[in-house]
Amino acid sequence: MTGTVHIVGAGLAGLSAAVHALDRGAKVAVYEGSGQAGGRCRSYHDAKLDRVIDNGNHLVLSGNQSVKTYRELIKAPGDTMTMAEEARFPFVDLETGERWAVRMNDGPVPWWPLDPARRPKGVGLGAMLKAARILWAGENDTISSVCGSSGASRDRFWEPMSMAVINLPPERASAKLMRATALEAWRDGRLARPMFAPRGLGAALVEPALSALETAGAPVQFGRLLKSIDHDASGVTALHFARGEPVHLDADDRVVLALPSHRLQEILPDIGAPTETSSILNAHFLVDDPSTLEGKPPLLGVVGSMTQWIFLKGDIVSLTISAAEYVEGSDADEAALLDRLWAESRDALDLPSDATFTKARLVREKRATFLQTPENAKKRPKQRTPISNLFLAGDFVDTGLPATIESAVRSGERAAQLAA
């Protein structure tokens, strides 16, 4: 195509749009309001811990095809993201002390629920067969309304998955969005294997993209906070930033807005993007003796506790509390909260009773995702807008997937297709 694709926002959606547009032969200009790229998936050096940590804990699965294609385009080193040997998700119930692992089999026929050793402990075959109802979920259904609101299957399967994938309890979470995840990844263990970023999401998904853009002569322009756009019957004609001169568009130029939903609403209120959000609370502990973590699972689901998922990253124990506003006690005093979360992590990982941490960091992401209820899922905007040369990207747009890394990257891919 002739003209330039102007991409506003350098989170994963914007970076994906940029590298895909370049791959299609387009000229690209990328603008980012902050001083760093990656958005909610950035990595940074935390001075208190003296370690590089991710802003939040995110899980990529082996079946996330858009992430795979994106990493190929940015030439991400293979060792920056590694795949587990099987689709195995270990769990512990801190109230009962029971441990088990959900293990999905490889192959197109998902027979694993038939095997008691592969499904959550205490969940019968009937409950697992009932879970198949998620495949027929409608746009008004919640996970609980389709799959049940009580029992072991709710507590040991649907709640952990709902919190992790939809960032809401199953009573509020869109069943239709969970169905999309089931169809994309859960149908085959080869597609549901966890992918780990040993050096952080920045090294796996962000830094190689910045290098690719730099090499292509299209480096991200930081400190360019979009304030407004001018448009007429022909499309967007100018971009106005808080600092610097306006960018005036030529007739053949295109624009991709890869902004958070609340920022998009400020710029284009008529789009009607969902602005209600749900939060995520993350805690990072620098352990006193890293040898105590040897042999422990890199990913562990936890029930019967405030802690939901634990990730091991070197000598850092990172844990996640999704939809924190729905979790009792998550708004407690920081010192008391860290003490409780460490005690839960120590028990969940079966560490010695005297295992300690030297430093800790609590990170609250108040706008982690849009509120993924059935009502809000209907409000997701399409990527093609009424303005002829303007397209949208972001995990909140209508990709058909929940607001995940795969959704963000796929939205950028599709925006580039529309623009180029």
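Author: A residue is called buried when its relative accessible area is under 20%, exposed when that area is over 50%, and partly exposed in between, using a 1.4 Å probe and protein chains only. Strands are DSSP runs of E with at least two residues and helices are DSSP runs of H or I with at least four, both numbered from the N terminus. The model is predicted, and local features need pLDDT of at least 70, side-chain atom pairs count only at pLDDT 80 or more, and totals for chains, interfaces and linings use all residues. Residues are numbered from 1 along each chain as its sequence is written, while side-chain values use heavy atoms, with hydrogens and water left out.

Reader: What makes E1 mostly covered?

Author: Of the 5 residues of E1, 5 are buried. In a regular strand the side chains alternate between the two faces of the sheet. In E1, Thr-4, His-6 and Val-8 are buried on one side, and Val-5 and Ile-7 are buried on the other, which leaves both faces covered.

Reader: How do you know that E1 and strand E14 pair, and in which sense?

Author: Two strands pair if DSSP finds at least two bridges between them. E1 (residues 4-8) and E14 (residues 254-257) have 4 bridges and pair in the parallel sense. In E14, Val-5 has Arg-254 as its bridge partner, and Ile-7 has Val-256. On the other pairing of E1, strand E2 (residues 27-32) is joined over 5 bridges, also in the parallel sense, with Lys-27 in E2 as the bridge partner of Thr-4.

Reader: What is the hand of the β-α-β crossover from E1 to E2?

Author: A crossover is right-handed if, with the strands pointing away from the viewer, the path from the first strand over the helix to the second runs clockwise. The chain goes from E1 through helix H1 (residues 12-23) to E2, and this crossover is right-handed.

Reader: In what order do the strands form the open sheet?

Author: The order is E10-E2-E1-E14-E20, 5 strands in all, with parallel pairing. Strand E10 (220-222) and strand E20 (390-392) are the edge strands, since each pairs on one side only. Neighbouring strands of this sheet are turned by 20° against each other on average, direction ignored. E14 and E20 run parallel and are joined by 3 bridges, and Leu-257 stands opposite Leu-392 in E20.

Reader: Which helix packs on the sheet, and which strands does it touch?

Author: Contact means heavy atoms within 4.5 Å, and axes are lines fitted to C-alpha atoms, for helices over the stretch in contact, with angles from 0 to 180 degrees between N-to-C directions. Helix H11 (residues 405-419) touches E1, E14 and E20, and its direction makes about 165° with that of E20.

Reader: Why is H5 called largely enclosed by the rest of the structure?

Author: Of its 15 residues, 11 are buried, so H5 is largely enclosed; Arg-154, Phe-157, Trp-158 and Met-161 are among them.

Reader: How does the reach of H5 from its first C-alpha to its last stand against the expected one?

Author: The expected span is 1.5 Å times one less than the number of residues. H5 (residues 152-166) reaches 20 Å, close to the 21 Å expected. Just after H5, Asn-167 takes a positive phi of about 60°.

Reader: Why does Trp-100 count as buried?

Author: Trp-100 has 9% relative accessibility, and therefore counts as buried. It is found in strand E8 (residues 99-104). Leaving aside neighbours within four places in sequence, Trp-100 is in contact with residues including Phe-89, Pro-120, Arg-156 and Val-303.

Reader: Is Ala-323 buried or exposed, and is Asp-350 buried or exposed?

Author: Ala-323 has a relative accessible area of 0% and is therefore buried, whereas Asp-350, with 54%, is exposed. Ala-323 lies in the loop between strand E18 (316-322) and helix H9 (334-348), and its phi is positive, about 45°, although it is not a glycine. Asp-350 lies in the loop between H9 and strand E19 (357-370), and its phi is near 55°, a positive value in a residue other than glycine.
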